[in-house]
Amino acid sequence: MGELTFFLGLQIHQLDEGIFICQTKYMKELIQKFEMSNAKALGTPMSPTVSLDKDEEGKLVDESKYRTIIGSLLYLIARRPDIMFSVCRCAKFQAAPKESHLAYVKRIIRYLIGTTSHGLWYPRLNNFKLEGFSNADFAGDKDDTKSTSGTCQQLGKSLIF
């Protein structure tokens with residue numbers, strides 16, 4: 001059958017030094033599908049100074065389009081932990097998305113424009129040191145005062161979920 005190079009939208013590059021997994025092709029198709037090919041790339045998926053909330057006063061947008069974009073981005077988060085928080089935060093507003101929510105989702109896509117070649121690198125090594133990291137904000141959500149937390153683990157230099 002040969003060496004695995006493409007599986008379920010994942011591009012897999014097997015080298016002597018390790019394995020690199022990315023979704024460059026899928027991201028480029030996503031950017032084109034949502035007509036953002038000419039958009040300017042951004043350095044972060046979400047602004048750290050702006051808080052996303054229900055936006056009761058905002059203008060409603062097409063729920064179907066919003067949900068389609070969110071679904072496409074949710075498929076990416078399996079291999080793009082850098083956008084996981086932002087996408088999940090925007091996914092909370094699928095029932096009644098407003099223009100402000102759509103602007104945030106488009107910001108995530110603009111971030112992807114500049115990072116299409118990013119992926120996960122799993123080097124071949126003998127270091128099996130396991131490290132864990134966590135973070136939380138207690139009652140940080142403005143709408144429902146729920147906490148947000150996250151963890152990740154590293155085995156040697158490889159990120160594992």
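## Overall architecture

A residue is called exposed here when its relative accessible area is over 50% and buried when that value is under 20%, with partly exposed residues in between. On this scale Q32 and K33 of α1 are exposed, and 32% of the 161 residues of the chain count as buried. The model is a predicted one, and its C-alpha trace spans about 55 × 35 × 25 Å along the principal axes.

The chain has 4 helices and 7 strands, which run from the N terminus in the order β-β-β-α-α-α-α-β-β-β-β. Among contacts between residues at least 6 apart in sequence, 71% join residues that are at least 24 apart.

## Helix α1

The buried residues of α1 (24-33) are T24, Y26, M27, L30 and I31. They lie on the same side of α1, because the arc they cover around the axis is only 160°. In an α-helix there are 3.6 residues a turn, so residues three or four places apart point the same way. Q32 and K33, which are exposed, are found on the other side of α1.

The packing partners of the buried residues of α1 include two strands, β2 and β3 (18-22), together with the helices α2 and α4. Just after α1, the backbone at E35 takes a positive phi of about 55°.

## Helix α2

With its 14 residues, α2 reaches 20 Å from its first C-alpha to its last, which is close to the 20 Å expected at 1.5 Å a residue. At the start of α2, a side-chain oxygen of D62 comes to within 3.3 Å of the backbone nitrogen of S64.

Which residues of α2 are buried? They are Y66, I69, I70, S72, L73 and L76, and because they cover an arc of only 160° around the axis, they sit on the same side of α2. These buried residues pack against α1, α3 (84-91) and α4 (99-114), while α2 is itself among the elements against which the buried residues of α1 pack.

## The sheet β5-β6-β7

Three strands form an open sheet in the order β5-β6-β7, and their pairing is antiparallel. The edge strands are β5 (130-137) and β7 (158-160), each of which pairs on one side only. Direction ignored, neighbouring strands of this sheet are turned by 30° against each other on average.

Between β5 and β6 (residues 148-155), the antiparallel pairing extends over 8 bridges. As one position within this part of the structure, N135 has G150 in β6 as its bridge partner.

## Loop residues with positive phi

Most residues other than glycine have a negative phi. L8, although not a glycine, has a positive phi of about 50°, and its place is in the loop between β1 (6-7) and β2 (10-14). Is L8 buried or exposed? With a relative accessible area of 59%, L8 is exposed.

D55 is likewise not a glycine and has a positive phi, of about 55°. The place of D55 is in the loop between α1 (24-33) and α2 (63-76), where a relative accessibility of 22% means that D55 counts as partly exposed.

How values were computed:
Residues are numbered from 1 along each chain as its sequence is written. This is a predicted model: local features need pLDDT of at least 70, side-chain atom pairs count only at pLDDT 80 or more; totals for chains, interfaces and linings use all residues. Side-chain values use heavy atoms; hydrogens and water are left out. Buried means under 20% relative accessible area, exposed over 50%, partly exposed in between (1.4 Å probe, protein chains only). The expected span of a helix is 1.5 Å times one less than its number of residues. The arc is that of the directions from the helix axis to the C-beta atoms. Contact means heavy atoms within 4.5 Å. A polar contact is a pair of N or O atoms within 3.5 Å; within protein, one must be able to donate a hydrogen and the other to accept it, and residues adjacent in sequence count only if both atoms are side-chain atoms. Two strands pair if DSSP finds at least two bridges between them. Axes are lines fitted to C-alpha atoms, for helices over the stretch in contact, and angles run from 0 to 180 degrees between N-to-C directions.
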